[in-house]
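Colleague: Before I use this model, could you take me through its sheet and its chain contact, and tell me on what grounds each term is applied?

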There are 2 protein chains.
Amino acid sequence: MTRRTAPVAELLDGARAGDRASLARLLSLVERGADEAREVSRLTYPLSGGGYTVGLTGAPGAGKSTLTSATIGHLRAQGEEVAVLAIDPSSPFTGGAILGDRVRMQDHATDPGVFIRSMATRGHLGGLSLATPEAVRVLDAVGRRWILVETVGVGQVEVEIAGKADTTVVVLNPGWGDSVQANKAGLMEIADVFVINKADRKGVEETRRDIEQMLELSDLGHDAWRPPIIAVVATERRGVDQLWEAVVAHREFITASGELRRRREFRLREELREIVARRLEQRARQITTGERWDALQDGVLARTIDPWSAADEMLGTVGA
Amino acid sequence: MTRRTAPVAELLDGARAGDRASLARLLSLVERGADEAREVSRLTYPLSGGGYTVGLTGAPGAGKSTLTSATIGHLRAQGEEVAVLAIDPSSPFTGGAILGDRVRMQDHATDPGVFIRSMATRGHLGGLSLATPEAVRVLDAVGRRWILVETVGVGQVEVEIAGKADTTVVVLNPGWGDSVQANKAGLMEIADVFVINKADRKGVEETRRDIEQMLELSDLGHDAWRPPIIAVVATERRGVDQLWEAVVAHREFITASGELRRRREFRLREELREIVARRLEQRARQITTGERWDALQDGVLARTIDPWSAADEMLGTVGA
């Protein structure tokens, strides 16, 4: 008898009972984005919604992974379980490691209360942008209450993904200006909590003033949450408890105000719209190959048919 | 009797007989992108292919409009007719004018051998990227042999449009580095001819060496066209004749080598593919509104259906 992959429902039962290998397989199916990924989505979606996602983002080298590791330690000391999804290509979780971080992460490797997963999305139709919420829902559906999502805050897609957490922590360093210049506005927009990591270096107060000035300019309503700015030295776990207090305070604030519900609904609507768009793109790719396509292209090159008419003929519509 | 717009075929006949108002109307239809735009496309496409497009691009303030104006003067002195399509928001043709340039342009305003049109593309499904080749084909179909397309070389879309000309002239200034930093690679890739405009300022030789160094790095094949670098003072029309000689030399080179044909075919294939993609996007927008969409969204928010299944239901497919 050959070894076969267990059906998705079976993997889900296993993962919900605490089997890490089953959980890892479910996430692999999501990454691969094959038909089984749709099955994973179908089965995990109704079970999700109880977990809370915290995004950690910032420039490469800002110390996000060290901070993630320190945060895991803090949560574990409080008896909380935690899952980490690392979609930062510079993260030691995803491979671009420096030894120190890797060793630090090993601290949690054998702890059953911690589940760490790096994301690779070859094959997934929607790339990171659609694979990430699906992976989060898998972790949520198997009962993880805290889900940390570590992303590098460089590039529009990455910043967008970071902004899709319930609470988003933007990690900066003293004298941060240059490293995040291109995405400053984007990062300011998604931040619920600011961390100035490596706060044992000089320039902490200037950076704090910079952030405060930008917050002034962004004209928050007087009822709105005002992102606190927490100085942290992640390598020594200094300030991590204050960071977590800020995250919990933000969670309470947006839960009470109804903002959490609104955010999640908005995200789901956006996700649905994006899935429709990706499905149609997929169709466009399917359409723009094959004999009929070649014939229409030849017609366009020979000027016997214009490009718009050719496109409409390919799509089986006239006008519209 | 109310005044009605003439049918497209009638406008085309008028424009081909030299009526400027008819030509202007055809271009307005293209910009508006309504059903008549498809009719314009259908009728002009078989008539086009005889014109030659020269793109002029560069950073705002590089002096593109002054150069365009000087080039028009040069062509008119040789008895050539010319059409200009200005899709540069900072161009005096499109509105963001300084008085000097505007006056200079007025020189050509009453010349029947010159047709100048600025592009606005509100309403066009494909934006500038698809409206521009359509507008070029209109000018081509009514018999314009030289079509200058002025674009600002800032932003990916603009650089792409600039690169779609038969010959692309990239306009730089002495000490150009900073102004085009972000698009340097893109501009290097599309340039067939370099102009160092405002060459009466210092730094011309350094800029020339910069460009030459980058050309070395870009590893042109030994049979390939090597973009010449022409020093110009457009305000005094100095160097404009050499610029035009370089354009004509490039035209002869790519015509003889078959490159012109390959470029045009590649552009048409790309355009066709883009039209298909835009049509599908349009469908996605049509799909993601209405009662059925609202009901599916509500289902997703209530977690009675997952997003992928909802999207597939909306698209009328299961799987794929």
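**Sheet and contact**

Modeller: Chain A holds an open sheet of 7 strands in the order β3-β2-β4-β1-β5-β6-β7, with parallel pairing. The model is predicted, so local features need pLDDT of at least 70 and side-chain atom pairs 80 or more, whereas totals for chains, interfaces and linings use all residues. Residues are numbered from 1 along each chain as its sequence is written, with chains lettered from A and ligands numbered from 1 in the order in which they are written.

Colleague: Why is one side of β3 and of β7 of chain A left without a neighbour in the sheet?

Modeller: β3 (114-118) and β7 (229-232) of chain A stand at the edges, and each has a single partner strand, so one side of each lacks a neighbour in the sheet.

Colleague: What makes β5 and β6 of chain A a pair?

Modeller: Two strands pair if DSSP finds at least two bridges between them; β5 (residues 167-172) and β6 (residues 193-197) of chain A have 4 bridges in the parallel sense, and therefore they count as paired. V170(A) stands opposite F194(A) in β6(A).

Colleague: How many residues does each chain give to the contact?

Modeller: Chain A gives 35 residues and chain B gives 35 residues, where contact requires C-beta atoms, placed from the backbone, to lie within 7 Å. On the side of chain A that touches chain B, the largest share, 14 residues, comes from α11(A).

Key. Helices (H or I, at least four residues) and strands (E, at least two) are DSSP runs, numbered from the N terminus. Two residues are in contact if their C-beta atoms, placed from the backbone, lie within 7 Å.
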